[in-house]
Amino acid sequence: MHVVEEFFTHLWQQYTAINPQAKAIHALLEDRGETVVNDHVALRTFNTSKLGIDVLSDHFLAMGYENRGDYDFVAKKLRAYHFEHAKNANLPKIFISELLTEQFSNDLQDTIRELDEQVTPDQVREPDFLYSGRPWSLSFSQYIALLQESEYAAWTAAFGYRANHFTVSINHLTTFFDIESLNQFIIDHDFAMNESGGLIKGTPEQLLEQSSTMAPMVNLEFSDVNHLVPSCFYEFAKRYPTETGRLYQGFIAASADKIFESTDTQ
Ligand code: OOG
Ligand code: NI
């Protein structure tokens with residue numbers, strides 16, 4: 001197998017190991033005769049000099065990806081890039097974001113510094129770093145303190161390096177005509193969906209429609225106790241052609257802003 005395909009196999013295995021929901025939805029789609037193709041995967045990090053998106057990007061550049069977009073989320077204090085594979089448009093796109101830690105309280109900054117200090121630059125460069133999980137020790141009280149300032153910070157500290165979500169490409173499905181009918185299928189199978197900003201984010205005019213499940217709670221091990229926390233989610237995306245006839249490949253910041261909330265504590 002090619003390095004890049006192996007990367008996605010590892011990432012999917014790690015993701016479904018804690019996220020049986022995605023595995024179940026994937027199986028339901030395949031049982032209908034669908035072949036599931038991933039539109040994109042998303043990862044999260046902190047903007048320290050060791051762990052920021054500019055550093056993690058090296059992994060994607062090495063696999064033949066190119067940076068094709070950047071996004072700012074002022075209210076959530078986040079920044080993101082999206083990558084597309086230069087040669088193989090069938091490979092999933094990558095959406096990678098980072099927390100702008102300096103915009104938060106001194107307490108939050110101290111905690112992130114403490115986590116960051118437990119990681120070496122060499123470790124970050126290891127080929128398997130992006131699916132290595134939480135590389136630091138974190139207590140449940142630290143998690144709660146982070147949660148009070150940023151749901152994103154708490155999730156990233158708790159789950160570390162893994163896919164936050166995989167995304168089903170609706171364009172590649174053959175038995176759903178639109179995002180509405182796919183959403184209904186997911187709801188009919190009793191999965192909770194993210195309704196922040198409406199069930200469907202984006203419009204055909206914006207060339208991208210998206211929806212996602214709400215991340216189910218998993219019992220996670222902290223350094224002091226085990227506790228139920230929101231895990232990973234599954235996303236669905238339908239793209240529309242641009243004037244050139246090629247499908248739009250970017251992301252819509254206003255929609256992404258709502259997709260981030262799929263890991264919020266309900
Ligand atoms: C990323 C949220 C944005 C999209 O497709 O717009 C996103 C995240 O939750 O980490 O995935
Ligand atoms: Ni996404």
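# A tour from hairpin to ligand

Select residues 217–221 and 226–230: these are strands β7 and β8, which pair in the antiparallel sense over 5 bridges. Two strands count as paired if DSSP finds at least two bridges between them. Show E221 next, which stands opposite N226 in β8. The two strands make a hairpin with 4 residues between them.

Before moving on, note that this is a predicted model, in which local features need pLDDT of at least 70 and side-chain atom pairs count only at pLDDT 80 or more, while totals for chains, interfaces and linings use all residues. Residues are numbered from 1 along each chain as its sequence is written, chains are lettered from A, and ligands are numbered from 1, both in written order.

**Zoom out: the whole chain**

The protein chain has 9 helices and 9 strands. Its C-alpha atoms fill a box of roughly 50 × 40 × 35 Å along the principal axes. The radius of gyration is 18 Å, which agrees with the value near 18 Å for a compact globule of 266 residues. That radius is taken over C-alpha atoms, and the globule rule is 2.2 Å times the number of residues to the power 0.38.

Now colour by burial. A residue is buried if 20 or more other C-beta atoms lie within 10 Å of its own, exposed if 12 or fewer, and partly exposed in between, with C-beta atoms placed from the backbone. Of the 266 residues, 38% count as buried. Among contacts between residues at least 6 apart in sequence, 65% join residues at least 24 apart.

Select residues 65–73 and 78–85. Strands β2 and β3 run antiparallel and are joined by 8 bridges. Y65 stands opposite H85 in β3. K77 sits in the loop between the two strands. Check its backbone: K77 is not a glycine, yet its phi is positive, near 60°. K77 is partly exposed, because 19 other C-beta atoms lie within 10 Å.

Step to L78, in strand β3. L78 is buried, because it has 22 C-beta neighbours inside 10 Å. Beyond residues up to four places away in sequence, L78 touches F73, S97, E98, L99, L100 and Y152. Draw a distance from L78 to Y65: the C-alpha atoms are 22 Å apart, with 13 residues of sequence separation.

**Another positive phi**

Jump to L207, in the loop between α8 (179–188) and β6 (208–212). Its phi is about 75°, positive although L207 is not a glycine. L207 counts as partly exposed because it has 17 C-beta neighbours inside 10 Å.

**Helix α1: stop at L11**

L11 lies in α1, residues 3–18. L11 counts as buried because 20 C-beta neighbours fall inside 10 Å. Neighbours within four places aside, its contacts are V41, Y131 and A163. R162 is 151 residues away in sequence, but 6.5 Å from L11 in space, C-alpha to C-alpha.

A nonpolar core is a set of buried Ala, Val, Leu, Ile, Met, Phe, Trp, Tyr and Cys residues joined through C-beta atoms within 7 Å. This core has 61 residues, and I96, A157, A158 and A163 touch the most other members. In α7, 8 of the 9 residues are buried, among them W155 and F159. Centre on A158, which contacts R134, L138, Y143, L220 and V229, leaving aside neighbours within four places. G160 follows the helix, with a positive phi near 60°.

**Last stop: ligand 1**

Show ligand 1 with its shell: A42, R44, F95, S97, N164, Q210, E235, F251, S255, A256, I259 and F260. A residue is taken as near the ligand if its C-beta atom, placed from the backbone, lies within 6 Å of it. β1 (38–46), β4 (93–99) and α9 (253–259) are the elements that each give two or more residues to the shell. α9 gives the most, with 3.

Colour the shell by type: 6 residues are nonpolar, 4 polar and 2 charged. Here Ala, Val, Leu, Ile, Met, Phe, Trp, Tyr, Cys and Pro count as nonpolar, Asp, Glu, Lys and Arg as charged, and the others, Gly among them, as polar.

How values were computed: Contact = placed C-beta atoms within 7 Å.
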